[in-house]
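Below is a short report on one protein model.

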Amino acid sequence: SKLRKAGKSTCANCYALKGFYNMPSVKNALEKRFEKVTQDLQAWQADMTLLIHNTNQSGFFRWHDSGDLQSLDHLKNIFKVCEGTPDTSHWIPTREAQILKQVKPEEVPKNLIIRMSSHMVDQPPVKFWPWTSTVISGQGVASCPAPKQNNSCGSCRSCWDRKIPNVSYGKH
């Protein structure tokens, strides 16, 4: 919420405050999910493992289309979900540097990539974490092809690829 008020932040024009995110049914569903994460992480971890195992046919899973890591315990439970779904490649975009600084990259399950997102448009990637993401204005070419693919990843899996140190997104 603080970054939303910073004009050059990547959050200044937050998509999660528009469109379907404003519908009462979506707000209620998001609140229920948040309660589950904050009330009983072990039950949440078991439920998420089962859900991903039974419903994810693509083999790729992105965490948090809106929202972020809530705590180190939350992240450690995500690790358990990843370990319980070894046939799925997981990706977490995050701005929670203080949580990531409590984890070593080698502790992250091999089927999970956590990308530390820079807070400001045209800000370089952070140095403390090996996998990052940035948002660039019109001065450069974004590596993410989604805007040219009907806002879809299509066949691109760069965000999930540990060999790619930084993924850049165009400001939208």
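## Cysteines

A disulfide here is a pair of cysteine sulfur atoms within 2.5 Å. Cys153 is partly exposed, at 34% relative accessible area. Buried means under 20% relative accessible area, exposed over 50%, and partly exposed in between, with a 1.4 Å probe and protein chains only.

A search of the whole structure turns up zero disulfides. Cys144 is likewise in no disulfide; its nearest cysteine sulfur, that of Cys159, is 5.9 Å away. Cys144 counts as partly exposed, at 22% relative accessibility.

## Basis of the model

The model is predicted: local features need pLDDT of at least 70, side-chain atom pairs count only at pLDDT 80 or more, and totals for chains, interfaces and linings use all residues. Residues are numbered from 1 along each chain as its sequence is written, and side-chain values use heavy atoms, with hydrogens and water left out.

## Overall make-up

The protein has four helices and five strands. Both are DSSP runs numbered from the N terminus: helices are H or I with at least four residues, strands E with at least two. Along the sequence the order is α-α-β-α-β-α-β-β-β.

Of the 172 residues, 34% are buried. Among contacts with a separation of 6 or more, 62% join residues 24 or more positions apart. Contact means heavy atoms within 4.5 Å.

## Strand 4

Strand 4 spans residues 132-136, and five of its five residues are buried. Both faces are covered. Thr132, Thr134 and Ile136 lie on one side, Ser133 and Val135 on the other.

Strand 4 pairs in the parallel sense with strand 3 (residues 112-117) over two bridges. Pairing requires at least two DSSP bridges between the strands. Ser133 is the bridge partner of Ser117. Strand 4 also pairs with strand 5 (residues 166-170), again parallel, over five bridges. There, Thr134 has Ser168 as its bridge partner.

## Helix 2 against helix 3

Helix 2 (residues 41-55) packs on helix 3 (residues 72-84) at about 35°, with axes 9 Å apart. Axes are lines fitted to C-alpha atoms over the stretch in contact, and angles run from 0 to 180 degrees between N-to-C directions.

The residues in contact include Trp44, Met48 and Ile52 from helix 2, and Ile78 and Val81 from helix 3.
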